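Visitor: Could you walk me through this structure, please?

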Amino acid sequence: ISMQAAKAIFKKNHTIPITELSENITLEEAYCGQEKLNYLIKKKYNDKIGYKVGFTGKALQQRFNIDSPATGVLYKHMFLKNNSTIDPNFAYRTFIEPDFLVIVKSSKIMSAKNSLDILKNLESIHPFLEIPSLTFDKKTNVNGNMLIAANMLATKMVMGEGIKVDSSEDFLNKLANINTKLTDQNGKIIQEANTSNLMGNPINVVRWLIDEYNKRGIILKKNDRLSLGSVGKLFPLLNNTSYS
């Protein structure tokens, strides 16, 4: 993917459909394109705040025809404050996606030997809502590699209040069995989904990310925010609707 194509995607800023990416793009080409796009984002904002892991649940793997998780980069300017309001037309084809987020306590996490070691190096866990823009024309056959090249569609997001991580077996087991609920302003349940959808346990997603980044020479640092993926499905962002 050329820098010219990356610049065109960056300039569109989620408001105009991406036409620069083909469904024939390879995984290697996708990450190469993402690197160029993130170079441009960092150059403008210089506020990288963490990473996201996508396709950690079977539903989205099937939807986007990809058989493994994938990564993208998060930036502070993408985060909205809790209890914010946003126009659903702020970007092209906006969705809402209930996710799960953890905050890193120490870069020692990179040498964690097991799940309890990982917990020792995490600060807190948070309910998390991504508000992605599926910036491709509805007629386009979109696959996972195309989303990787577009920085995993990281657009806007909200981090809820969290709880401290306890590095115990009990806490680890509970993490795998959190029943999440996405509700509207009337308390109507839009989705119920279990955190076991995230590779059996959200900590398994962190383990996958550590292994992946150790291969790539990327080091997770203190205060990095890690989005661990969708606990269920994406839903269209609707007018005059509140989400919790």
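The conversation below goes from the overall fold to salt bridges and then to individual residues.

Guide: This is a predicted model, in which local features need pLDDT of at least 70, side-chain atom pairs count only at pLDDT 80 or more, and totals for chains, interfaces and linings use all residues. Residues are numbered from 1 along each chain as its sequence is written, and side-chain values use heavy atoms, with hydrogens and water left out.

Visitor: How many helices and strands does the chain have?

Guide: The chain has seven helices and eleven strands. Helices (H or I, at least four residues) and strands (E, at least two) are DSSP runs, numbered from the N terminus.

Visitor: And what is the radius of gyration?

Guide: It is 17 Å, close to the 18 Å that the globule rule gives for 244 residues, so the chain is as compact as a globular protein of that length. The radius is taken over C-alpha atoms, and the globule rule is 2.2 Å times the number of residues to the power 0.38. Along the principal axes, the C-alpha atoms fill a box of roughly 50 × 45 × 30 Å.

Visitor: What share of the residues counts as buried?

Guide: Of the 244 residues, 52% count as buried. Buried means under 20% relative accessible area, exposed over 50%, and partly exposed in between (1.4 Å probe, protein chains only). The accessible surface of the chain is about 12400 Å², with 49% of it belonging to carbon and sulfur atoms. These areas come from the Shrake-Rupley method with a 1.4 Å probe, and for residues only the protein chains shown count as cover.

Visitor: What about contacts between residues at least 6 apart in sequence?

Guide: Among those contacts, 78% join residues at least 24 apart. Contact means heavy atoms within 4.5 Å.

Visitor: Changing topic: how many salt bridges are there?

Guide: The count comes to seven, a salt bridge being a side-chain nitrogen of Lys or Arg within 4 Å of a carboxyl oxygen of Asp or Glu.

Visitor: Which residue does lysine 52 pair with?

Guide: Lysine 52 forms a salt bridge with glutamate 130, with 3.1 Å between the closest N and O atoms. The pair links distant parts of the chain, since lysine 52 is in strand E1 (residues 48–54) and glutamate 130 in strand E5 (residues 122–131), 78 residues apart. Both lysine 52 and glutamate 130 are buried.

Visitor: Next, the backbone. What is phi of asparagine 65?

Guide: Phi of asparagine 65 is near 55°, a positive value in a residue other than glycine. Asparagine 65 sits in the loop between helix H3 (58–63) and strand E2 (70–75), and is exposed with a relative accessible area of 67%.

Visitor: Is methionine 152 buried or exposed?

Guide: Methionine 152 is buried, with a relative accessible area of 6%. Its phi is also near 55°, a positive value in a residue other than glycine, and its place is the loop between helix H5 (144–149) and strand E6 (156–159).

Visitor: Where is phenylalanine 64, and what does it touch?

Guide: Phenylalanine 64 is in the loop between H3 and E2 and counts as buried at 6% relative accessibility. Leaving aside neighbours within four places in sequence, its contacts include Phe55, Leu134 and Asn143. The C-alpha atoms of phenylalanine 64 and glycine 144 are separated by 5.0 Å, although these residues are 80 apart along the chain.

Visitor: Where is asparagine 143 found?

Guide: Asparagine 143 is found in the loop between E5 and H5, and counts as buried at 12% relative accessibility. Not counting residues up to four places away in sequence, asparagine 143 touches Glu23 and Phe64.
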